[in-house]
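Subject: Structure for you to look through

Dear colleague,

I am handing over the structure we talked about, and below it you will find what came out of going through it. Please keep it open beside this message while you read.

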Amino acid sequence: MLEAILLVGGQGTRLRPLTLSAPKPMLPVAGVPCTTHQIARAREAGVSHIVLGTSYQAEVFTQAYGDGGDLGVRLTYAHEKVPLGTGGALRNVAEHLHSGPDDPVLVFNGDVLSGLDIEALVEHWRSSEADVALYLTRVADPRPFGLVPTDPSDRVLAFLEKPTTPEEIVTDQINAGCYVFRRRLLDDIPDGRPVSVERETFPGLLAAGARVIGHVDTSYWLDLGTPLAFVRGSADLVRGLAPSPAVVGSTGDALVLPGANVHPSAVVDQGSTIGRDCIVHAGAHVRGSVLMDGAVVESGAEVIDSVIGRAAVIGGNCRLLETVVGDAARIGPDNEFAAGARIWPGTELGPMSIRFSAEPA
Ligand code: GTP
């Protein structure tokens with residue numbers, strides 16, 4: 001039996017206002033929550049029991065998944081009344097595990113899409129007799145991430161969180177948000193207070209001489225923490241660039257969910273997802289975007305690399321680029337929003353009220 005912990009308790013502040021109404025791991029990417037993609041991939045790799053470490057909007061997870069029967073795994077929940085951070089959450093989950101002290105336990109951050117060969121990670125942990133094995137990937141610009149240099153035998157040399165100076169950028173290997181722990185190390189994490197696994201637990205293990213190894217896997221990887229990454233991840237799933245057994249019904253360029261109505265003269269492409277009961281009117285163009293259930297895009301509007309919340313309405317001839325529109329907002333016709341715009345849930349905007357454009361006026 002292989003067990004896993006899924007960390008899903010974060011507030012998802014970078015994805016507001018979408019995360020005001022749903023926790024980040026439950027926002028739909030290619031039609032289903034990121035959590036569903038992760039559970040499906042973990043099950044494929046032989047995981048039979050997953051404990052969800054919840055805090056923010058915990059009830060959303062239990063209502064959606066129950067005991068996991070529909071997904072073919074056993075699910076249990078460990079709730080934190082006060083968020084305990086990524087390390088404290090692992091300690092809080094430990095009592096739900098059945099693995100023996102020297103068994104492997106997988107840990108997944110709840111907002112990562114990846115093509116990681118999970119079985120190869122566990123096998124690397126086993127064959128190198130490691131205490132912890134970390135999934136590492138390589139990125140062109142590692143500055144926003146945690147750097148993890150390793151020696152030729154894969155042993156981790158340091159944890160360098162979000163480097164700022166060129167001297168600190170000693171590697172392009174970053175912590176990709178999935179680990180294998182020897183179970184008893186989870187029991188050693190301090191109880192009842194916030195702990196960061198990246199800033200406290202891992203450096204502490206290195207200082208104590210634990211055997212911590214890096215496992216580099218350069219297949220698909222994306223952290224869905226920001227709006228732009230979120231739409232990209234969803235489009236990559238729809239286009240089959242990011243692997244997941246939970247994507248159903250994609251044409252390869254678009255995913256139109258049951259009950260949605262797309263006018264024959266509208267264009268939906270570049271990996272867009274049109275949620276259940278959405279309406280896309282004549283001449284509209286939805287490109288690389290996510291329309292959540294019940295959203296409406298009126299005639300001639302252009303929605304590019306944007307996320308439109310549930311039941312929001314985008315008026316005719318609007319133009320949205322890299323914009324986030326909260327649930328049930330109503331944007332009147334002929335408005336224009338450039339990259340980075342965020343419209344709060346329920347906002348009502350009249351026609352031609354905003355021309356927020358990146359181009360010179
Ligand atoms: P931001 O606020 O936008 O940074 O997002 P976040 O709150 O999700 O934080 P971050 O992306 O750093 O979290 C990485 C993973 O750990 C996500 O899957 C979070 O859900 C999870 N996580 C973060 N903090 C906690 C916590 O205190 N408890 C639990 N159970 N999970 C957490």
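In which sense do strand E27 and E30 pair, and over how many bridges? In this predicted model, strand E27, which covers residues 330-331, pairs with E30 in the parallel sense, and the pairing runs over two bridges. If you look at Ile331, you will find it opposite Leu349 in E30.

These strands belong to an open sheet of six strands, which follow the order E15-E18-E21-E24-E27-E30 with parallel pairing. Strand E15 (261-262) and strand E30 (348-349) are at the edges and have a single partner strand each, so one side of each is left without a neighbour in the sheet.

The other part to look at is the ligand, which takes up the space of the largest pocket. Around the ligand there are 19 residues, and the closest are Leu7, Thr13, Glu80, Gly85 and Gly110. Sorted by class, this shell has ten polar, five nonpolar and four charged residues, and its largest share, three residues, comes from helix H4, which spans residues 85-93.

Of the 610 Å² of accessible area that the ligand has on its own, the protein covers 82%.

With best wishes

Terms used
Residues are numbered from 1 along each chain as its sequence is written. This is a predicted model: local features need pLDDT of at least 70, side-chain atom pairs count only at pLDDT 80 or more; totals for chains, interfaces and linings use all residues. Side-chain values use heavy atoms; hydrogens and water are left out. A residue is near a molecule or strand if one of its heavy atoms lies within 4 Å of it. Accessible areas come from the Shrake-Rupley method with a 1.4 Å probe; for residues, only the protein chains shown count as cover. On a 1 Å grid over the protein atoms alone, a cavity is a set of points where a 1.4 Å probe fits but cannot get out, and a pocket is an open set with protein on both sides within 12 Å along at least five of seven lines; lining residues have an atom within 4 Å of a point. A molecule sits in a cavity or pocket if more than half of its atoms lie within 2 Å of its grid points. Helices (H or I, at least four residues) and strands (E, at least two) are DSSP runs, numbered from the N terminus. Ala, Val, Leu, Ile, Met, Phe, Trp, Tyr, Cys and Pro count as nonpolar, Asp, Glu, Lys and Arg as charged, and the others, Gly among them, as polar. Two strands pair if DSSP finds at least two bridges between them.
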